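Let's take a walk through this fold, ring by ring and strand by strand. Have a look at the model first, then read on.

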Amino acid sequence: MITEEDIQKRLAEILTGNGFNVVASEVDEGFDKPAVFVTVYPSRTKLLTCGGATEEMTVTVEIQYISALETVEDCIDATNKIKQIFLYKSFDIQDRHITVDEMEFEIEKTVLYVYFEISLIQAVDNTEEYEEIKDLIIKGVN
């Protein structure tokens, strides 16, 4: 079962492997710029089978890029690099092959925000226990 933490860790690895300085979300100050923060949170879940054995899980990914040059042009360059990494190529998370088909971008001052969704279908770890049936008596209509 893939969790939001697994997805966040893998995306951070991919960004680091492509030259981005990924900073832990808990860090508020004292980091080197340019810096990238990755946040993954659940946005939608849908049960696909009766009894809830399978679900479609959708998470929203937010990538925040803080420019060292503090220019919109640098943010636009980062936008193009992130598109090359996640939109135009597929990537793997554990045993899953992931494709992204849509991204949203927002630039506030000299900070770039990138948003996209990842959907996965997976088994649900259902630990619900049922009482064992000892005797089943079926009576017919007379």
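Start with Tyr65, which counts as buried at 6% relative accessibility (buried means under 20% relative accessible area, exposed over 50% and partly exposed in between, with a 1.4 Å probe and protein chains only). Keep in mind that this is a predicted model, where local features need pLDDT of at least 70, side-chain atom pairs count only at pLDDT 80 or more, and totals for chains, interfaces and linings use all residues. Residues are numbered from 1 along each chain as its sequence is written, and side-chain values use heavy atoms, leaving out hydrogens and water.

**Ring pairs**

The whole structure holds four aromatic pairs. Rings of Phe, Tyr and Trp (its six-membered ring) pair if their centres lie within 6.5 Å; planes under 30 degrees apart are stacked, over 60 edge-to-face, and the rest tilted. Here are two of the pairs:

| Pair | Centre to centre | Angle between planes | Type |
|---|---|---|---|
| Phe20 and Tyr65 | 6.2 Å | 90 degrees | edge-to-face |
| Phe86 and Phe116 | 5.5 Å | 35 degrees | tilted |

Phe20 sits in the loop between α1 and β1 and Tyr65 in strand β2, so their pair ties together parts that are 45 residues apart in sequence. (Helices, H or I with at least four residues, and strands, E with at least two, are DSSP runs numbered from the N terminus.) Phe20 is buried too, at 10% relative accessible area. Phe86 is buried at 0%, and Phe116 at 3%. Together with Phe91, Phe86 and Phe116 make one aromatic cluster.

**The core**

Where do those rings go? Phe86, Phe91 and Phe116 are among the members that touch the most others in the largest nonpolar core, which has 29 residues. Such a core is a set of buried Ala, Val, Leu, Ile, Met, Phe, Trp, Tyr and Cys residues joined through side-chain atoms within 4.5 Å. Elements giving two or more residues to this core include α1 (4-17), α2 (72-87) and β6 (111-123). In soluble globular proteins, nonpolar side chains tend to be buried together.

**The sheet**

Now for the strands: four of them form an open antiparallel sheet in the order β1-β2-β6-β5. Strands pair if DSSP finds at least two bridges between them, and β5 and β6 have five. At the edges, β1 and β5 (104-108) each pair on one side only.
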